[in-house]
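Subject: Structure handover

Hi,

Here is the structure I promised to pass on. Please open it alongside this note, which goes through what I found.

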Amino acid sequence: MKAYLSRRYHFSASHRLNSPAYAEERNREVYGKCNNPHGHGHNYTVEVTVSGRVDPVTGMVCNLADLDAFAQKNLLERFDHTNLNELECFAYRVSTTENLSIEVYRIFAGFPGAHLERIHIEETGNNSFDYAGDG
Amino acid sequence: MIFLTRKAEFSSAHFYWVDDWSEDENLKVFGKCANRNGHGHNYTVEVTVAGEVDPVSGFVVDLKQLKDILEHEVIRVYDHRHLNLEVPEFRESIPTTENIAIAIWNRLADKIPNARLHRVRVYEMPDLFADFYGEQE
């Protein structure tokens, strides 16, 4: 029996959308208020979906405590209460939520307890992004 | 093809325990969920059916009928019950969110008239849910 398990995590971070490939004016044009030089912040919600066979003994796809511990160490401790632009993963990429989704997918692809299906990130109540890998 | 989803809620008690394991082993794997006095949740189930829109009624399925089936097959059996002790399918399997999704699928799969059951999603809490699409493997 294959089932899909989803868990939501929350972190708060600041960022600024600004591409070094654009001139100052073009950055303002493209990113609008998200280009504010002082940055701004969001409460991000990350929804991680993993899949696998339901273990006939435990009844679980994977142990949630393992997924939570992995998320705590690799997601929350790295991203919560940070400025995303200062993180190594955004040194050469704009900290859009699209790029954040790809980075978070890369992180959870390393979770050994189950197969990663999809990352869904809500930047605000009205914006959300999904990445399920390019394969 | 249109996908139609109906939600319903039930409140139940459960605990996680494997009889063949020692108490230590159960506590190690299931943590506070292994408390044999049980604990409870407000569950939300979302049932998604897939089908074609009837050109006359404009419906995929009659929502009232879907609500009644869900009530009769699932809510009546699960709501305000202890899942481990009072629901037959959990005598043999642990009522994890995954197994609850599978059990609800099995209760509904051949009961939906004019549409195919597409997905059962069970929320144990707003930040945790399991999906089952009927995939055997």
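**The A/B contact at strand E5(B)**

I start with one residue pair: Ser6(A) has Phe129(B), in E5(B), as its bridge partner. Next to that, Arg7(A) is paired with Leu128(B), again in E5(B). Strand E1 of chain A (residues 2-15) and E5(B) are joined by 4 bridges and run antiparallel.

Before going further, a caution. This is a predicted model. Its scores are ipTM 0.73 and pTM 0.83. For chain B the average pLDDT is 93, and 100% of the residues reach at least 70.

**The contact as a whole**

How many residues does each chain bring to the contact? Chain B supplies 19 residues and chain A supplies 17 residues. On the side of chain B that touches chain A, two elements give two or more residues: helix H4 (97-108) and strand E5 (128-132).

Strand E4 of chain B (residues 116-125) is joined to E5(B) by 5 bridges, and the two run antiparallel. One of the facing pairs is Val120(B) with Phe132(B) of E5(B). The two strands make a hairpin, with 2 residues between them.

Is E5(B) enclosed or open? It is largely enclosed by the rest of the structure, because 4 of its 5 residues are buried.

**Chain B overall**

Chain B has 4 helices and 5 strands. Their order from the N terminus is β-α-β-α-β-α-α-β-β. The C-alpha trace of chain B spans about 60 × 30 × 25 Å along its principal axes. Of the 137 residues in chain B, 29% are buried. Take the contacts in chain B with a separation of 6 or more: 70% of them link residues 24 or more positions apart.

**The core**

In soluble globular proteins, nonpolar side chains tend to be buried together. Here, the largest nonpolar core holds 51 residues. Which members touch the most others in this core? They are Ala3(A), Ala101(B), Ile104(B) and Val122(B). H4(B) is the element that gives the most to this core, with 6 residues.

Ala3(A) deserves a look of its own. Leaving aside neighbours within four places in sequence, Ala3(A) contacts Ser51(A), Val54(A) and Val61(A) in chain A. Across in chain B, Ala3(A) contacts Glu98(B), Ala101(B), Ile102(B), Ala130(B), Asp131(B) and Phe132(B).

**A residue on strand E2(A)**

Last, Asn43(A). This residue sits in strand E2 of chain A (residues 40-53). Is Asn43(A) buried or exposed? Asn43(A) counts as exposed, because it has 12 C-beta neighbours inside 10 Å. The cut-off for exposed is 12 or fewer. Not counting residues up to four places away in sequence, Asn43(A) touches His10(A) and Ser12(A). The C-alpha atoms of Asn43(A) and Glu122(A) are 8.4 Å apart, although 79 residues separate them along the chain.

Best wishes

Note on methods. Residues are numbered from 1 along each chain as its sequence is written. Chains are lettered from A and ligands numbered from 1 in the order in which they are written. This is a predicted model: local features need pLDDT of at least 70, side-chain atom pairs count only at pLDDT 80 or more; totals for chains, interfaces and linings use all residues. Two residues are in contact if their C-beta atoms, placed from the backbone, lie within 7 Å. Two strands pair if DSSP finds at least two bridges between them. A residue is buried if 20 or more other C-beta atoms lie within 10 Å of its own, exposed if 12 or fewer, and partly exposed in between; C-beta atoms are placed from the backbone. pLDDT is the predictor's confidence in each residue, from 0 to 100. A nonpolar core is a set of buried Ala, Val, Leu, Ile, Met, Phe, Trp, Tyr and Cys residues joined through C-beta atoms within 7 Å.
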